[in-house]
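Have a look at the model below.

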Amino acid sequence: MTTFLTLQNAELAFGDQPLLDHADLTIVDGERIGVIGRNGTGKSSLLKVVAGQDKLDDGSRTVMDGLVIAYVEQEPFLPPAQNILESLIERGKFNDVADEQEKWKKIARLEEYLHRFGLKSDQALQGTSGGEKKRAALALAFAIQSDLLLLDEPTNHLDIDGILILEELIKNEYRNSKSLMVITHDRAFLDSVSTRIVELDRGILRSYPGNFDSYESRKEQELIAEDIARRKFDKFWTQEEVWIRKGIEARRTRNEGRVRRLERLREERAARRDRLGQINLNIDAGMKSGKIVAELENVSLSFGDKTIVKNLNFRLLRGDRLGLVGHNGVGKSTLISLILGKREPDSGTVKLGTNLQIAYFDQLRAQLDPNKTVAETISPGSEWIEIGGSKKHVMAYLGDFLFPPRRANVPVSNLSGGERNRLLLARLFALPANLLVLDEPTNDLDIDSLELLEQTLQTYPGTLILVSHDRRFLDNVVTEVLAPEGKGLWREYVGGYSDWQHYKPKEEPIEKKEEPDAKPVSRKPRQTKIKLTYKENKELESLPEQLMQLEAQRDALLAAMSAPDYYTTHSAQEIKEQNETVQQLEEQINLGYQRWEELEEKKTLVESL
């Protein structure tokens, strides 16, 4: 096991806000680290420090000799050039390679990865979208064949197909002797690629072995234990504060130790890191709409020779939560404009329901005026805002969306991507709306905010149309999916993203055509006798106990690896071996559950015959 990079006692601050506070981090070969934390806590700054682009205020950064690091920022810059390939050659400094043969090998690899990400080498750089620039920068990062790959929000601007391509490349190429460190809010992506989660929380780095699911389980246990400990501490501290105010008794010589203890309690209480606030989301659903929200009959629309929608028959009912999926450019936003009656179809009819109050979240955030302040955006000309029939001060309402009073008079143009997202949500949720349309609302939101938005939408009594490339968000929110099937055809599926993936048509295998002279052969259907063998019955009986034992082993190992001093008291080799053991146990557990399901299905089939 090789140590690639270490940060020791790292300190970094932005103004009076500590981003890293005596933080430690070790990156070894063969691990894939997912970095999570609230927006603004310093995740991107941490990645820049690891990449060597930013320096620490204090502490040390130690890097293995010869370590090759590739870094893809949130918004990659592509140098001006005629086409994408030339721009990436400039960005990757391929022209500085002295060995001409090695240079052309690098360019050939780059063209291969561009093809994998669905890009053409000769595509003009001018006019490329944000998603295409992100794919191009990722292609270059893989072509470099780095030892350590650093990715800052790589799934932003990527459609689901692009995310799946990225996942497979990472799992195939960044293991064993290579490592990955990625910042992302995409929980399905974290579950798929990460072998360790590192949480940045108010300057402190905490490490959790396993993927995001494992992190969530451990974090929930930690928060419960933390709440109990804090309640006990606060009760004891309150009792001591009451005692000190008795005066004479507290000043007696024999109680000096108790006074000093109270001073230490006060210092500990002042230094305590309280949890960050959470967004308080409430949607004013307004009046009830009609039962039918929108009805499309034989609707078709084309742009030139490209068919966006063909013969679509679809009905949206009150209370539906509809998810639109598909790759970038397939026409999801255009379909929304058809459903809302904002665009006329080439043929067919669109009927809108009654009493519709529509709130639209635009992924480009075009509804935000960059010259207005945060407060003016929410409540122009007034200090009060009316929500659900009751008035609320604009400062209190902004506080619900994590805007402190000092940010109320900041122009929209000065806000970060995450802040703009929260501001647009605050503006929309202040309006009475019984039809909520959200086009990529998850971009730039941290995981905590994502989960709160999920919970709010799950209980929203109105109708929802959601466009998202976040697979878990779709699964947790929508109740039906409208998906493209090619050539302008769209099909409706009950459920979320996973249901669509399970039930969508599979590619038909190419059937072998019979020769013209061949005579049809008559065959009787074979009667297959299906039953569980003795061995399978015994296996089915023993599987639950085996799985319980495997899960107990995994949980015990994860608990030990989550100890605060784990990475300082164990050698690099021990850490690697225990990580591998956890992965092996996870694989055995997953295989065990799959086998259990197979045997149960077979048993059910036998009983039904």
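This is a predicted model: local features need pLDDT of at least 70, side-chain atom pairs count only at pLDDT 80 or more; totals for chains, interfaces and linings use all residues.

Tutor: Residues are numbered from 1 along each chain as its sequence is written, and side-chain values use heavy atoms, with hydrogens and water left out.

Student: What word describes how helix 2 and helix 3 lie to each other?

Tutor: Helices here are DSSP runs of H or I with at least four residues, numbered from the N terminus. The axes of helix 2 (residues 84-91) and helix 3 (residues 100-116) come within 11 Å and cross at roughly 125°. Under 35 degrees is roughly parallel, over 145 roughly antiparallel, 65 to 115 roughly perpendicular, and the rest oblique. Helix 2 and helix 3 are therefore oblique.

Student: Is Gln-573 buried, partly exposed or exposed?

Tutor: Gln-573 belongs to helix 18 (residues 572-608). Buried means under 20% relative accessible area and exposed means over 50%, with partly exposed in between (1.4 Å probe, protein chains only). The relative accessible area of Gln-573 is 37%, so Gln-573 is partly exposed.

Student: How far apart in space are Gln-573 and Thr-3?

Tutor: Along the sequence, Gln-573 and Thr-3 are 570 residues apart. From C-alpha to C-alpha, though, the distance between Gln-573 and Thr-3 is 9.8 Å.

Student: And what about Asn-298: buried, partly exposed or exposed?

Tutor: Asn-298 sits in strand 10 (residues 292-303), a strand being a DSSP run of E with at least two residues. Its relative accessibility is 44%, so Asn-298 counts as partly exposed.

Student: How much space lies in the largest cavity?

Tutor: Rolling a probe the size of a water molecule over the atoms shows where empty space is left. On a 1 Å grid over the protein atoms alone, a cavity is a set of points where a 1.4 Å probe fits but cannot get out. The count comes to one cavity of 30 Å³ or more. The space in the largest cavity is about 40 Å³.

Student: Which residues line the largest cavity?

Tutor: Lining residues have an atom within 4 Å of a point. They are Ile-36, Gly-37, Asn-39, Lys-43, Glu-153, Thr-184, His-185, Leu-445, Asp-446 and Ile-447.

Key:
On a 1 Å grid over the protein atoms alone, a cavity is a set of points where a 1.4 Å probe fits but cannot get out, and a pocket is an open set with protein on both sides within 12 Å along at least five of seven lines; lining residues have an atom within 4 Å of a point. Grid points are joined across faces, edges and corners, and a volume is the space filled by probe spheres set on the points. Axes are lines fitted to C-alpha atoms, for helices over the stretch in contact, and angles run from 0 to 180 degrees between N-to-C directions.
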